[in-house]
Amino acid sequence: MNPYTILTLTLTQILILTPSCHGFTSPNNNNNNNVGSPHKKLIPTSTFRDNQNPNASASSFKSSRGGGGGAENTSEKGTHSSVLGWKQRIPNYLTYLRCVAIPWLGFLFYREPYNPTMTSVTFAVASATDWLDGYLARRWKVTSNFGAFLDPVADKLMVSTALILLSGAYGGIVAIPAAVILAREIGVSALREWMAQRGARDSVKVGFQGKVKTALTMASLTLMLLVPHGNLAIAQQHALYRPSVVLMNLCALITLSSGSVYLRAAWPVLMSDE
């Protein structure tokens with residue numbers, strides 16, 4: 001299949017997966033609705049001394065102060081809601097950026113002449129947003145169902161696209177570890193879905209080895225994208241070619257190791273008759 005056809009289909013899938021489901025409307029600030037109201041005027045303290053009914057005056061004074069405080073509280077709540085609104089959007093926008101980077105990565109990879117720096121930097125920045133959106137979501141304590149769904153999907157689409165592109169350029173030396181990594185991702189994803197149906201998803205949640213595998217995979221792909229791939233003989237002489245290949249094979253080994261951890265954790269449930 002033509003690579004540009006593949007990129008078109010990938011972009012179409014991403015557009016389908018990213019509807020605008022985070023519509024957030026900040027509450028209207030109605031602070032100015034009561035401007036000019038007589039209850040907003042503060043009565044000087046001296047007036048209470050000359051008033052025949054000081055209790056009623058004091059009550060009116062407290063009421064007027066209470067009304068002003070309510071307006072201020074409404075303003076503070078509106079500002080807080082607005083800040084929460086944009087904080088809620090940023091992690092998801094970073095995930096959307098990672099999705100948009102997928103077809104752009106394919107375009108840069110097949111563009112002539114090949115620009116290895118731009119392609120590698122694109123992948124590296126997109127990979128960095130994977131850490132950044134999670135960090136911001138935890139720091140600001142903002143979550144969304146769609147963001148929780150799309151974040152791991154965007155990671156897998158981006159890594160899979162890079163692995164397929166490089167496998168086509170370098171052949172079996174990249175295709176074999178790429179096949180191991182992709183097979184593990186499909187198997188673990190299916191295992192997590194199956195465990196979730198039985199209410200035991202926490203036993204196969206992402207662990208330390210999984211995070212190390214993701215970081216090493218993205219690092220090896222970033223290095224390999226820096227190697228010009230137009231001529232295989234020239235590419236093999238590049239200083240980064242062998243280190244990136246070694247790192248990718250190391251990723252494949254860690255991938256198998258972390259996958260076995262998930263399988264052992266789910267094994268008792270898999271073997272049960274319930």
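**Group meeting: contacts and helices in a predicted model**

Okay, let's start with S244, which touches S220, L223 and M224 if you leave out residues up to four places away in sequence. Before I go on, keep in mind that this is a predicted model. So where does S244 sit? It's in helix α9. And is S244 buried or exposed? It's buried, because its relative accessible area is 0% and the cut-off for buried is under 20%. Its side chain also has a polar atom 2.8 Å from the backbone oxygen of L240.

While we're on helix α9, here's a quick check on its length. The helix runs over residues 241–271, so that's 31 residues, and at 1.5 Å a residue you'd expect a span of 45 Å. The C-alpha atoms at its ends are 44 Å apart, so the two values agree. What about bends? There's a kink of about 40° at A265 in α9, shortly before the proline P268.

Next topic, salt bridges. How many does the structure hold? Seven. I'll walk you through a few of them.

One is between R98 and D130, whose side chains meet at 3.9 Å, N to O. That pair links distant parts of the chain: R98 is in helix α3, residues 54–110, while D130 is in helix α4, residues 116–140, and they're 32 residues apart. Both R98 and D130 are buried.

R98 also meets the side chain of D155 in a salt bridge, this one at 2.7 Å, N to O. Again the link is between distant parts of the chain, with D155 in helix α5, residues 145–170, and R98 in helix α3, 57 residues apart. Now, are these two side chains buried or exposed? D155 has a relative accessible area of 14%, so it counts as buried. R98 comes out at 0%, so R98 is buried as well.

The other one I want to show is E185 with R184, where the closest N and O atoms are 3.1 Å apart. If you go by polar contacts instead, the side chains of E185 and R184 are joined by one of 3.1 Å. E185 is found in helix α6, residues 172–197. E185 counts as buried, because its relative accessibility is 16%. R184 is at 9%, so R184 goes down as buried too. And which residues does E185 touch, not counting those up to four places away in sequence? That would be K156 and K213.

One more thing on salt bridges: some of them share partners, and in that way R98, D130, D133, D151 and D155 are joined into one network. If you're setting up the view on your own screen, those are the five names to select.

F109 is buried, with a relative accessible area of 2%, whereas Y110 is partly exposed at 32% relative accessibility.

Compare that with W131 and Y135, which form a stacked pair, 5.2 Å centre to centre and 15° between the planes. Why about one helical turn between W131 and Y135? Because they're four residues apart in helix α4. As for accessibility, W131 is exposed, with a relative accessible area of 55%, and Y135 is partly exposed at 33%.

L108 lies in helix α3, and L108 is buried, with a relative accessible area of 4%. What is L108 in contact with, leaving aside its neighbours within four places in sequence? Y114, M118, T119 and T122. Of those, M118 is ten residues from L108 in sequence, and their C-alpha atoms are 7.7 Å apart in space.

Methods: Residues are numbered from 1 along each chain as its sequence is written. This is a predicted model: local features need pLDDT of at least 70, side-chain atom pairs count only at pLDDT 80 or more; totals for chains, interfaces and linings use all residues. Side-chain values use heavy atoms; hydrogens and water are left out. A salt bridge is a side-chain nitrogen of Lys or Arg within 4 Å of a carboxyl oxygen of Asp or Glu. Helices (H or I, at least four residues) and strands (E, at least two) are DSSP runs, numbered from the N terminus. Buried means under 20% relative accessible area, exposed over 50%, partly exposed in between (1.4 Å probe, protein chains only). The expected span of a helix is 1.5 Å times one less than its number of residues. The bend at a residue is the angle between axes fitted to the seven residues ending there and the seven starting there. A polar contact is a pair of N or O atoms within 3.5 Å; within protein, one must be able to donate a hydrogen and the other to accept it, and residues adjacent in sequence count only if both atoms are side-chain atoms. Contact means heavy atoms within 4.5 Å. Rings of Phe, Tyr and Trp (its six-membered ring) pair if their centres lie within 6.5 Å; planes under 30 degrees apart count as stacked, over 60 as edge-to-face and the rest as tilted.
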